[in-house]
Each structure stands twice: as C-alpha cells, then as structure tokens.
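This report describes selected features of one structure. Please look at the sequence and the model below before reading on.

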Amino acid sequence: MKSKWAAGICPRNFYWIMKDRLAICERPGGRGESHRRVRRTEEINWIRQQGFTRVVSLIPSVHNLHNYSEQNIAWSHWPIADKEDYAIRLEPLFTELQSLLGRGEKLLVHRRGLGDEVCGFMAGYLVWTGMVPSESQAVVVVEKMTERPIGSLGRRMVTIAGALPKPGDRRSGTQQPDEPGEAPAVDG
C-alpha cells in the first residue's frame, strides 16, 4: 500500500496562468527560513506526478535546482533580479517561454515567494503575446488569479512588456536567456 504522500503535495501558492500548460507557485519546499527539504521533495514529486515537463526558476541563485534533475524534471534558470534592466531582459525570456509552450511543454514558473517578480513577469507575458489586450487588464487578470496585488516592481515589468515588439514584430538576433544547466526531458 502506498503512502498518502506518494503523489506528493501541491506547492504553496500554486495557480494556473494557462490551464494545464503554464502555472506559477512559490519555490518548492518553501521560502527562506520556512524552507524544508522533506516538503521540497514532496512538492517536486507532485510536480512530476502532474506531468510538468519543465520547471523555470526566476530565483537569482541556482540553489536546489539539482533537485529537479534528481527527479528527472527538466529545468531552466532565468534569474530575474529586483534591479534588472527589464527592457533588455524580458523579450528573450518571453520568446523562450513562448517557444517552450509552442513545443508542447507543460511549465511551472517560480521564485522564492509568489511576489511581484513572478506575477509581473506573467502579466507582462500575457500583454506581450496579446492574450490580454492592455497592461492594466493583464495586471487585473493576474491579481484575480492569484488573489494578491501586484506592486510597483511587477507593474513596471508589465509596462515594459507592453512596449516591447510583439512576437510577430520581433527583430532577429534576440539574446537567449541564461540556462546554465538542463536536466534531460522526461519521456512521459
């Protein structure tokens, strides 16, 4: 008989941005001082059991990324700093995100906590792709999804995303996101 934890546990603050395709959450295992190894293992197990093909970490450091490799989950590291030049950084990240989704990947994006960086990034992506027609509507959509306000940092990301060339208008030679390590993709 399997333990009730065999299927793992859902990460905290888990929300779908695109149902069954793109989700966000708090870092598996928790944030900061509340981070627990056992909880991280259970949450990564849940991620694998749910069929996520890749985890995208927006955390500036590479802490705990090897745990995804140990569970045969591909991962990408796209560090986003609080004082980043988003006008340069966002377009290649959005382009790569769109490419991964276009290849049929099921993605989970996280940072230490579910704050402005993740929520602003997702709202910006919705505007950049044209899935949501305006910056203000994208902010409202993500705020309603996550039941949390997006602050000035996240709103700045959305404003910058709205000014970027749209996917069909992109110029060539776009810089690719940093990906220092990749685990092999899991065959399902």
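Helix H5 (residues 135-146) packs against helix H6 (residues 152-163) at an angle of about 135°, and their axes are 9 Å apart. Helices here are DSSP runs of H or I with at least four residues, numbered from the N terminus. Axes are lines fitted to C-alpha atoms over the stretch in contact, and angles run from 0 to 180 degrees between N-to-C directions. On the H5 side, the contact (heavy atoms within 4.5 Å) is made by Glu135, Val139 and Glu143, and on the H6 side by Arg155, Val158, Thr159 and Gly162.

The model is predicted: local features need pLDDT of at least 70, side-chain atom pairs count only at pLDDT 80 or more, and totals for chains, interfaces and linings use all residues. Residues are numbered from 1 along each chain as its sequence is written, and side-chain values use heavy atoms, with hydrogens and water left out.

A search of the whole structure finds zero disulfides (pairs of cysteine sulfur atoms within 2.5 Å). For Cys10, the nearest cysteine sulfur is that of Cys25, 7.6 Å away.

The table gives relative accessibility (buried is under 20%, exposed over 50%, partly exposed in between; 1.4 Å probe, protein chains only).

| Residue | Relative accessibility | Class |
|---|---|---|
| Cys10 | 37% | partly exposed |
| Cys119 | 1% | buried |
| Arg37 | 64% | exposed |

Arg37 lies in helix H1 (residues 37-49). Between Arg37 and Asn64 there are 9.7 Å in space, C-alpha to C-alpha, and they are 27 residues apart in sequence.

Technical notes: Helix = DSSP H or I, 4+ residues; strand = E, 2+ residues; numbered from the N terminus.
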